[in-house]
Amino acid sequence: MGVQGTLEYLSDLLSSTTKKKKKKQTQTVALKIRMDCDGCVRKVKHVLSGVKGVKKVDVDMKQQKVTVSGYVEPKKVLKAAQSTKKKVELWPYVPYTMVAHPYVSQAYDKKAPPNMVRKVGDTSNTKETTFDDSYVEMFSDENPNACSIM
């Protein structure tokens, strides 16, 4: 084992003992929190600003929306917001241009802010009709027993 082999061994040994931290990405978490007064706003803002990694907390009382930005995880922010004993959920609304069919019954919400609808999955596989296919087959021309039914 020469000098170069010794240096490589020491280099590998030192690099394995030092832990490399991954840098967290800056995230923005939007929550819908029921707030009635300025005291509620102060309480929510105080609790959420205490979460590790939070850089900014914006509160919009009119829309009942709180936006938290920083190096945070959405689960931790949600858990901290729930500790205020208020009704909390992730922000359910997106701009209506982001949804394929914004006026289907699952997406349309009267309480949504202007130009916003509920975030729903792909609505192409949902059935909007209540018409049953068995009735169509029962009276079909291809059904040999259709005459006896009529």
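Colleague: Not counting residues up to four places away in sequence, which residues does Ala 81 touch?
Modeller: Happy to start there. This is a predicted model in which local features need pLDDT of at least 70 and side-chain atom pairs count only at pLDDT 80 or more, while totals for chains, interfaces and linings use all residues. Residues are numbered from 1 along each chain as its sequence is written, and side-chain values use heavy atoms, with hydrogens and water left out. With contact taken as heavy atoms within 4.5 Å, Ala 81 touches Leu 31, Ile 33, Leu 48 and Val 88.

Colleague: Is Ala 81 buried or exposed?
Modeller: Buried means under 20% relative accessible area, exposed over 50%, and partly exposed in between (1.4 Å probe, protein chains only). Ala 81 has a relative accessibility of 2%, so Ala 81 counts as buried.

Colleague: Which residues of helix 3 are buried, and where do they sit around the helix?
Modeller: Helices here are DSSP runs of H or I with at least four residues, strands are runs of E with at least two, and both are numbered from the N terminus. In helix 3 (residues 74–82), the buried residues are Val 77, Ala 80 and Ala 81. They cover an arc of only 100 degrees around the axis, judged by the directions from the helix axis to the C-beta atoms, which puts them on the same side of helix 3.

Colleague: Which exposed residues does the face turned away from the buried side of helix 3 carry?
Modeller: An α-helix has 3.6 residues a turn, so residues three or four places apart point the same way. On the face of helix 3 turned away from its buried side, the exposed residues are Lys 75 and Lys 79.

Colleague: What covers the buried residues of helix 3?
Modeller: Several elements take part. The cover includes strand 1 (27–33), helix 2 (38–49), strand 3 (65–70) and strand 4 (88–90).

Colleague: How many residues does the largest nonpolar core have, and which have the most contacts inside it?
Modeller: A nonpolar core is a set of buried Ala, Val, Leu, Ile, Met, Phe, Trp, Tyr and Cys residues joined through side-chain atoms within 4.5 Å. The largest one has 18 residues, and those with the most contacts inside it are Leu 31, Ile 33, Met 35, Leu 48, Val 66 and Val 77.

Colleague: Which element gives the most to this core?
Modeller: Strand 1, helix 2, strand 2 (54–60), strand 3 and helix 3 each supply at least two of its residues. With four residues, the element giving the most is helix 2.

Colleague: How many salt bridges are there, and which residues form them?
Modeller: A salt bridge is a side-chain nitrogen of Lys or Arg within 4 Å of a carboxyl oxygen of Asp or Glu, and the count comes to two. One joins Arg 34 and Asp 36 at 3.8 Å, N to O; Arg 34 is exposed at 52% relative accessibility, and Asp 36 is exposed at 51%. The other, also at 3.8 Å, has two partly exposed partners, Lys 56 at 46% and Asp 58 at 37%.

Colleague: In what order do the elements of the protein run from the N terminus on?
Modeller: The secondary structure comes to five helices and six strands. From the N terminus on, they run α-β-α-β-β-α-β-β-β-α-α.
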